[in-house]
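Subject: Structure for your review

Dear colleague,

Please find below the structure that I am handing over to you. My notes on what was found in it follow directly after.

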Amino acid sequence: MNHLPSEYLEQMEKLLGTEYTDFIRTYRETPARGLRINTLKVPAAEGAALLPFHLEPIPWCETGYFYDHHRDRPGKHVFHAAGLYYIQDPSAMAPVEALAPLPGEKVLDLCAAPGGKSTQIAAKLQGRGLLVSNEISPQRRKALVENLERCGVPNAVVLGEDPRHLKDRFAGFFDRILIDAPCSGEGMFRKDPESCERWSPKATDQCADLQLEILDAAAPMLRPGGILTYSTCTFNPSENEGVLSRFLKQHPEFEVQNVPGAEHYQPARPEWADAPSDLSKAARLWPHHLRGEGHFVAVLKKIGGPEGTKQRAGKLPPVHNQAVQAYRAFIKETLTSPPDHEQWTLFGNHLYRMLDELPPVKGIKVERPGFYLGQLKGKHFIPSHAWALALSPEEVQRSLNFEVEDPDLYRYLQGEAIPVNLAKGWTLVTVNGFSLGWGKVSGGLLKNHYPKWLRWDENFFR
Ligand SMILES: C[S@@+](CC[C@H](N)C(=O)[O-])C[C@H]1O[C@@H](n2cnc3c(N)ncnc32)[C@H](O)[C@@H]1O
């Protein structure tokens, strides 16, 4: 507790009054840890029964479970590499539960890296509709892409823009928008002592201005009747009730809604920021009231404003014949049935499946224009790791399954070739029937195509 800034402690004592003692005691307790089953791969109950961890359901998220940090290391299990779950703070699961996206909807996650909430949205979309995940920081975007790929998300586009540059392109386009805003991180001090070092009253004011700017940029991108969820991981009233009060003054077309699942949380505190009383419908998650870190969640509905103009999908440059042939040859040799109607685009020699309904993205920073299928190398098509992780063994002609205990599985994860007695060609490698990556059989050997940057070294097992 020594590391907590004194001005922060004074602020919390003033706000919390008699609750302060309970609150401050949580800094001496071990934080709760959570994971969320990825229902794109396995139903939640089945996944929870399969995982060899001590799990307990998280009351506010049907697919979320507490795990025992002292006994289990879910980050080092092969089922993690297979995308069966995402390790996420229990409180951080609340905003997407409140957003409640439905299959088939168009959803924007405006501050998306490293992807905890994007992968949670994707699981709720169940592969139908469109997820646009935007992240301004190039470094953090890499982790976002990796997590979306590991979780086998088939319908996400990844952008890398300042939110202000997106608002005209996507006017009135989205059914739901999540703003999980950059913030002063007060709610995470217990887990992330470094965020304390960056904290100052001035920094919280700067965060509040940035948050308002992001909310302003998001407002026109939502269709009338659409839902915007705003969340932070800070206790600071100026970044929560305060920012929303400023936003609502400038945007009478938005109305505060009750937060679904509010019975698990505490009401927001408009009186702490001189904000309108209906902001008490927003929710605060406190570590002394639930097993999780500090969070804030508000749900706003757009009750008016102009309808979005229906955007036509952008015209794409044609994919050259050689690429199409190489891709079709791969499909014929590898899949059990060809995919339905597909549209592609080439970025350099990387082939992507385009997603229906995406408006033209020319002129904006695009990290992933669609679902990454693979790379063309001369006459050959090399399938992507992302595609392997989105396939099931029933969809491919050849697969090689390992059980968790099989030492050959760990040889594969370390990048070794594995002797096999299988027909030649691209082969989907699976663990307990869940896809892990590609291998290519030739001459009785499975050549390893597990990505180099994901390979397990000996230290990984310690
Ligand atoms: C709280 S984190 C998002 C966590 C993410 N939603 C998740 O669940 O994994 C906030 C993100 O906002 C990004 N960010 C920083 N400045 C921004 C800006 N001006 N506009 C949009 N996003 C910004 C940060 O890089 C950071 O990744």
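Strand 17 (residues 371–377) and strand 18 run antiparallel and are joined by four bridges. Helices and strands here are DSSP runs numbered from the N terminus, with helices being H or I of at least four residues and strands being E of at least two. Two strands are said to pair if DSSP finds at least two bridges between them. Within this pair, L376 stands opposite F381 in strand 18.

Before I continue, two remarks on the source. The model is predicted, and local features need pLDDT of at least 70, side-chain atom pairs count only at pLDDT 80 or more, and totals for chains, interfaces and linings use all residues. Residues are numbered from 1 along each chain as its sequence is written.

W344 stands opposite R353 in strand 15. Strand 14 and strand 15 form a hairpin with two residues between them, and G348 in the turn has a positive phi of about 60 degrees.

The annotated binding site

Which residues does UniProt list for "binding site"? The unreviewed entry gives C111, A112, A113, P114, G115, G116, K117, E135, D162 and D180. UniProt positions are in the numbering used here, feature names are shortened, and annotations may be inferred rather than shown by experiment.

Two of these residues were examined further. C111 is found in the loop between strand 5 (106–109) and helix 6 (116–125), while D180 is found in strand 8 (residues 174–180). A residue is called buried if 20 or more other C-beta atoms lie within 10 Å of its own, exposed if 12 or fewer, and partly exposed in between, with C-beta atoms placed from the backbone. C111 is buried because 22 other C-beta atoms lie within 10 Å. D180 counts as buried because it has 24 C-beta neighbours inside 10 Å.

Contacts are pairs of residues whose C-beta atoms, placed from the backbone, lie within 7 Å. Leaving aside residues up to four places away in sequence, C111 touches E135, I179, D180, A181, P182 and I214. With the same exclusion, D180 touches P95, C111, K117 and S231.

Strand 8 itself is largely enclosed by the rest of the structure, because six of its seven residues are buried. Strand 8 pairs in the parallel sense with strand 5 over three bridges, and L108 has I177 in strand 8 as its bridge partner. Strand 8 also pairs in the parallel sense with strand 9 (residues 222–232), over six bridges; here L178 stands opposite T229 in strand 9.

Domains and overall form

UniProt places the feature "domain: SAM-dependent MTase RsmB/NOP-type" (unreviewed entry) at residues 23–303. Over residues 23–303 the chain is 27% helix and 24% strand, and the end C-alpha atoms are 37 Å apart. The domain assignment, which is automatic or from a database, gives domain 1 (6–30 + 88–302) and domain 2 (396–462). The centres of domain 1 and domain 2, taken over C-alpha atoms, are separated by 39 Å.

The secondary structure comes to 13 helices and 23 strands. Along its principal axes the C-alpha trace spans about 75 × 55 × 35 Å. Buried residues make up 43% of the 462 residues. Of the contacts with a separation of 6 or more, 73% are between residues 24 or more positions apart.

G443 lies in the loop between strand 22 (434–442) and strand 23 (445–448). G443 counts as exposed because it has 7 C-beta neighbours inside 10 Å.

Yours sincerely

Terms used: Contact = placed C-beta atoms within 7 Å.
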